[in-house]
Amino acid sequence: LCLLQNQVAAKPSVNPVPQLPGSEEVGAGELTWFGMTVYQASLYAAQGVYQPEQPHALKINYQFSFSADQLARRSLKEIERIHGEQPDRDSLVERLQSVLRDVEKDDHILGVHYPGQGADFYSAGELLGRPEGPRLAKMFFGIWLNPDTREHQLRNQLLGSRQ
């Protein structure tokens with residue numbers, strides 16, 4: 001009877017990022033602006049340990065509406081703040097627009113980064129696309145994970161206590 005109770009009480013392990021087998025949440029936090037939550041972010045990696053050279057995923061849950069164009073242009077602005085002006089900025093915006101989508105409150109976008117290869121972007125479990133080239137993927141994820149990010153507190157929360 002005790003064994004049966006343990007089996008009933010045990011919950012099946014659900015991978016939070018099916019595209020990244022064995023992933024667990026590394027950490028989570030939120031971006032606020034004048035006291036309002038703009039989005040909540042969660043970082044996932046194998047066994048919940050972030051290693052920059054290993055695949056990892058970032059999930060953004062939006063609390064406001066934004067167009068794909070707004071998301072792409074804001075991303076480029078942050079990329080350029082960290083890496084300097086990009087000579088191919090128009091191309092970068094177009095490539096980001098191709099894998100982002102308009103979002104409403106409570107929508108999310110999931111990016112899965114495969115260092116050295118690129119990244120896949122998903123929304124509601126459906127593939128939005130993969131921007132061409134590993135350079136853009138690395139710079140995009142650097143918006144949150146690069147030590148030179150604007151949002152140091154959010155970065156620290158994403159990297160969690162296991163780092």
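Tyr 122 sits in strand 5, residues 118-123, where strands (E, at least two residues) and helices (H or I, at least four) are DSSP runs numbered from the N terminus. The model is predicted, so local features need pLDDT of at least 70 and side-chain atom pairs count only at pLDDT 80 or more, while totals for chains, interfaces and linings use all residues. Residues are numbered from 1 along each chain as its sequence is written, and side-chain values use heavy atoms, with hydrogens and water left out.

At 12% relative accessible area, Tyr 122 is buried (under 20%, with a 1.4 Å probe and protein chains only). Leaving aside residues up to four places away in sequence, Tyr 122 touches Gln 19, His 108, Ile 109, Leu 110, Val 112, Leu 127 and Leu 128 (contact: heavy atoms within 4.5 Å).

Now for the pockets (open sets of points on a 1 Å grid over the protein atoms alone, where a 1.4 Å probe fits, with protein on both sides within 12 Å along at least five of seven lines). Of its 29 lining residues, Leu 31, Val 38, Tyr 39, Phe 66 and Arg 74 come closest to the centre (lining: an atom within 4 Å of a point). Helix 2 gives the most to this lining, five residues.

The second largest pocket comes in at about 240 Å³. Helix 4 supplies the largest share of its lining, six residues.

Conventions. Buried means under 20% relative accessible area, exposed over 50%, partly exposed in between (1.4 Å probe, protein chains only). Grid points are joined across faces, edges and corners, and a volume is the space filled by probe spheres set on the points.
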